[in-house]
Amino acid sequence: MASSGADEPRASWPRPCSPPSRPGEAARTEEARRAVLAQERGASLTIADVPTLLADDALGLVVVNKPAGVYVDDVLRVVSNAFASQTRPRVTMLHRLDRDTSGCLAFATSPESNRAFSNAFRDGDAKKTYVCEMSPFFSADDRNDSTEDTSIGPKRNALLPSDLPLDVRTGHGRSRHGLWRVYEETDVGAALPSEKNKTGNKVRLAETRVLAVTRERYAFIGLHTGRTHQIRLHMAHIGWPLLGDVKYGGTRGESTNSGADSFFRLHAARLRLPRGDREADGLFVEVEAPKPAWFEETGDGEYARALGEAAGVVEREPTS
């Protein structure tokens, strides 16, 4: 295991797995543009933009459908304004979603529910199912060397039904330059030299399960840990970065003049939380967010069917 001495040579620190590499200039420019747009959207966000999926006073729980392209702190502001009252003086966000991720976002409305549900997220009792759209296949011959777009990677292997569920277990942490990166699982516990977090920064375990894939395009995913950018990093790690996720090697999606369709494609589709005694059998609350607009339905209930199958698999423990 690597030493944590501040003056150790760089080679002594755990080295991130590859991909993803550091984003190119085009990706950094696009990320900066999206950040500005998100700040503008957040400033004008209202509760009408954040549909309520569940509001249960007995549970002390509110779940909303977070829109893509806004920061969760702006969602917290409008949800607090809408739901705080004398009987609910404080609304607490129970987990976080990335700026471009849409779907189920949960809030506690009492100190008791905050403790109970926070423990559920911490202990892995909160079961989360996501759906993403993956970047299309490309081969080396498809790369346009005359551009600065570094998002086109090598030809990727298809994720076949026989491969699923696919458990992805790696280390996770900040690199020397503060970027979130994937590390070897054997590096878990090793100290990292991140300049953004000089104390207590270590490689942590990250576990993701790819549950189902439809048309080699959409992947249904379960989380067993909740690390920053975990799904995005793990999908890039196995060769299937998210469509639009230029930060981690995904190809850029279609964009309108307003940039409204330039997000990466990730949706928190389903959230299952224990209610009451976590040891009691069958006491759960389940919430599903509506199908994301970018998921193109085939007309035979593909989305609902795949989400139902994935939800059954996500309850099982990942293989070690």
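Ala, Val, Leu, Ile, Met, Phe, Trp, Tyr, Cys and Pro are counted here as nonpolar, Asp, Glu, Lys and Arg as charged, and the others, Gly among them, as polar. The model is predicted, so that local features need pLDDT of at least 70 and side-chain atom pairs count only at pLDDT 80 or more, while totals for chains, interfaces and linings use all residues. Residues are numbered from 1 along each chain as its sequence is written, and side-chain values use heavy atoms, with hydrogens and water left out.

On a 1 Å grid over the protein atoms alone, a cavity is a set of points where a 1.4 Å probe fits but cannot get out, and a pocket is an open set with protein on both sides within 12 Å along at least five of seven lines; lining residues have an atom within 4 Å of a point. Points are joined across faces, edges and corners, and a volume is the space filled by probe spheres set on them.

The largest pocket holds about 850 Å³ of space. Of its 32 lining residues, Arg-96, Gly-226, Arg-227, Thr-228 and His-229 lie nearest its centre. The lining comprises 11 nonpolar, 9 polar and 12 charged residues. At least two residues come from each of α2 (72-83), α3 (111-122), β5 and α4 (230-237), and α4 gives the most, with 3 residues.

Terms used. Helices (H or I, at least four residues) and strands (E, at least two) are DSSP runs, numbered from the N terminus.
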